[in-house]
Amino acid sequence: MRGLVQDLRYAVRQLRRAPGFSLTALLTLALGIGSVVAVFSVVYSVLLRPYGFEQQGKLVVWHEVIEEIKASTPIVPANYKHYAMFKTRAQSVADAAIMQPRQFSVSPDARGADVHPSVLHGLATSSELFSVLGVRPALGRSFLPQETEAGRDGEAMLSWATWQRVFDGSPAAIGKTIRIDGSLHTVIGVLPRDFRFPPLDLMGGHAVPSGSTEFYQVFVPLVVGDDIKNEDGGEYNYLAVGRLRPGVSVATAQAEMNGLEAANRIANHLSIHVSAVVSTLKVEANGSISTALWLLLAATGGVLLIACVNLANLQLARGVARERDIAMRAALGAGRARLMQSALAESVVLAIGGGALGVALAFATVRLTVVLAPRGLPRINEIAVSWPVLLVALGVACLTALLFGILPALASLRVDPQQSLQAASGTFAGARGGGLTRRALVGSEVALSVLLLAVAGLAARSFGRVMTQNWHFSADHVLLAAVDLTSPQYGKGLNPTAPGATADHSQDRSFIEQALLRLRSLPGVTTVGVTSTMPLTGDSEVEVLSRPDHPASLGMAPIANQRLISPGYLTAMQIPLVAGRDFDEREMTHPTSGIISEKAAKAAWPDVNPLGRKLGRWNQQFTIIGIAADARINDKPVKLAYDTGSEATLIFSKTVRRTGGNPCHNRCCASCGCRFFRFRRCCFRRSRFCGGRRLRNVSRATASTSTIW
């Protein structure tokens, strides 16, 4: 140990004598190690960190495939009847639960008070969900089977954060009531602080844009009607989660489910062919991001390897210059182990210093990543430099020291003391051999650099294609805010099953009309529109497009994503009309017209002009008045159908100022006090700070709305 300390002290003195080399080596290692640690922090948080469920590897999610529409819709959500069949008859499934993602308006039960609810994401779920996950409530209990029956579903469970926010963390919250979508629910349980259920895509294969595992805040019982429980051909609208029995693989479970699907089709004489697609919960939650993250980690590993090769080359050059010193130590009796230890000591000192700087750089990089990362990155709220990551950083630093220090250390063993000491001053006996090694290292470094440049070029080319493709909408100078009208003054709003609920949306519509009128009068606002779902938010409200004049067989009719919009929305988002006209104000109150996208028009009317023809949806008929361009909702164009509606997301666009015009620099943001990072979050795909604060003032002046989100 004493000899090691002496070698380390000697290495520090040698590095202090060469400040240029030392600084270059430390910065090189800091960048290499820092990039690896930062990317691994993301990989660990997103892909490797367990969710805390009991035997997480046994949890699976299944979707279904309808062969007749597979070309346009490869995967559809689960069907309730098929879920019940798998749950009771599949021997590979120990237990299962079914759920529906929803958005709730939540507020304390403050009678007589003008309470502004919060809009929270949640799940309507069967009673088995938490037992399937192996999670016990921190307070209270879980749902009972009878609480999923109509009329007995007045219970709710809250996440830890919602419990803290609504009830200030009081244990007395159990048994109290809150308003969810305008109706009273009794709080029966609070989930543990570390409970994280990943947001899942109904259609499968994509990460949910929220990215946060604290996405679901409220849980209520799922009530399913008898007609849906016995429906085979429709109602593919659920998420199903199951736990496999010990020793059962995902492939075995999928094969058994497909056998049950085939038997069900034969027994019920179905005209459609349905199969199941089973994947683990971990794979389903990560979507397609796993491959990209692993490739990014491999790329940063390649950068670190290049840095190691470069430093090894520099160390070899320094070793040639220090041959006489090494020969002197060998002549004085230093053994081969001591010489190698002395040579490695310098690499260890550099690796420790570079590793410390790299970890500091990783902390800053991870914080910046959380701010700037796309919303579709799963578990973004959990990304941090944790203890497992620091242990990996220590291992990377040690491995780095070996990678760039082993060759110089081995080279020191080849020094012949007699030959080196007898050589003339300024000449080095090992220069020739060392030159061959250095040339080999330079060649490998160039090869690795070319490989990384090729990968970077391909990535840049792909990114360029993404940035230059026509999305058929423009997010420039667009602000958005969301409004929820489910407080009591709106007749219980959107929940038709709530006590006292009415089908009359006149109050909702009145508020929307007043809000739009006031927004149009704001300085700098050019266009105002309403929509139920923004672009690039994935598939939702998928409905069958039926032609009354040309009925299609079951499973053969095209399907499309339904959107409720107002007059002006297409103009606000700069979604061009290919043919026909936009909605007018009269069609907000009497929705009898529809607009479809180009892909929807080609699918439903491949050989004729759809303008003026009837389209059937929701047991209603709409007259096609326009054809819009294919605005994207994910990574590819899909079929869209637009109707007029009242509940939606408010958006408005600002005029371009002479300053170049980010809307966040205008008067809107002066009212909400945006700062540096908030400027970036005010744009279309980010937060609602600007639009939300400005619209809150509008809403309170018009109709005392619930929550502007």
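Mentor: His269 counts as exposed because its relative accessibility is 71%, where exposed means over 50% relative accessible area, buried under 20% and partly exposed in between, with a 1.4 Å probe and protein chains only. The model is predicted, so local features need pLDDT of at least 70 and side-chain atom pairs count only at pLDDT 80 or more, whereas totals for chains, interfaces and linings use all residues. Residues are numbered from 1 along each chain as its sequence is written, and side-chain values use heavy atoms, with hydrogens and water left out.

His269 sits in the loop between α7 (250–268) and β11 (274–280); helices (H or I, at least four residues) and strands (E, at least two) are DSSP runs, numbered from the N terminus. Although His269 is not a glycine, its phi is positive, at about 55°. Gln55 also has a positive phi, about 45°, without being a glycine, and its place is the loop between α2 (19–48) and β1 (59–66). Gln55 counts as exposed too, at 56% relative accessibility.

A further loop residue is Gly612, between α18 (598–604) and β18 (614–617), and with a relative accessible area of 52% it is exposed. Leaving aside residues up to four places away in sequence, Gly612 touches Thr623 and Ile624, a contact being heavy atoms within 4.5 Å. Between Gly612 and Ile624 there are 5.2 Å from C-alpha to C-alpha, for a separation of 12 residues in sequence.

Thr125, by contrast, is buried, with a relative accessible area of 0%, and it belongs to strand β4 (residues 118–125). Its contacts, not counting residues up to four places away in sequence, include Ile98, Phe143, Thr148 and Val220.

Burial also marks part of helix α15, where Asp508, Phe511, Ile512, Ala515, Leu516 and Leu519 are buried. These residues cover an arc of only 130° around the axis, which puts them on the same side of α15; the arc is that of the directions from the helix axis to the C-beta atoms.

In one of them the side chains of Glu382 and Arg49 meet at 3.6 Å, N to O. That pair links distant parts of the chain, 333 residues apart, with Glu382 in the loop between α11 (336–372) and α12 and Arg49 in the loop between α2 and β1. Glu382 counts as buried at 11% relative accessibility, and a network of salt bridges links Arg49, Arg379 and Glu382.

Another salt bridge joins the side chains of Glu128 and Lys87 at 3.7 Å, N to O. Because Glu128 lies in the loop between β4 and α4 (129–133) and Lys87 in helix α3 (residues 80–89), the pair ties together parts that are 41 residues apart in sequence. Glu128 counts as buried at 19% relative accessibility, whereas Lys87, at 27%, counts as partly exposed.

For the protein as a whole, the secondary structure comes to 21 helices and 22 strands, and 48% of the 709 residues count as buried. Of its contacts between residues at least 6 apart in sequence, 77% join residues at least 24 apart.

Technical notes:
A salt bridge is a side-chain nitrogen of Lys or Arg within 4 Å of a carboxyl oxygen of Asp or Glu.
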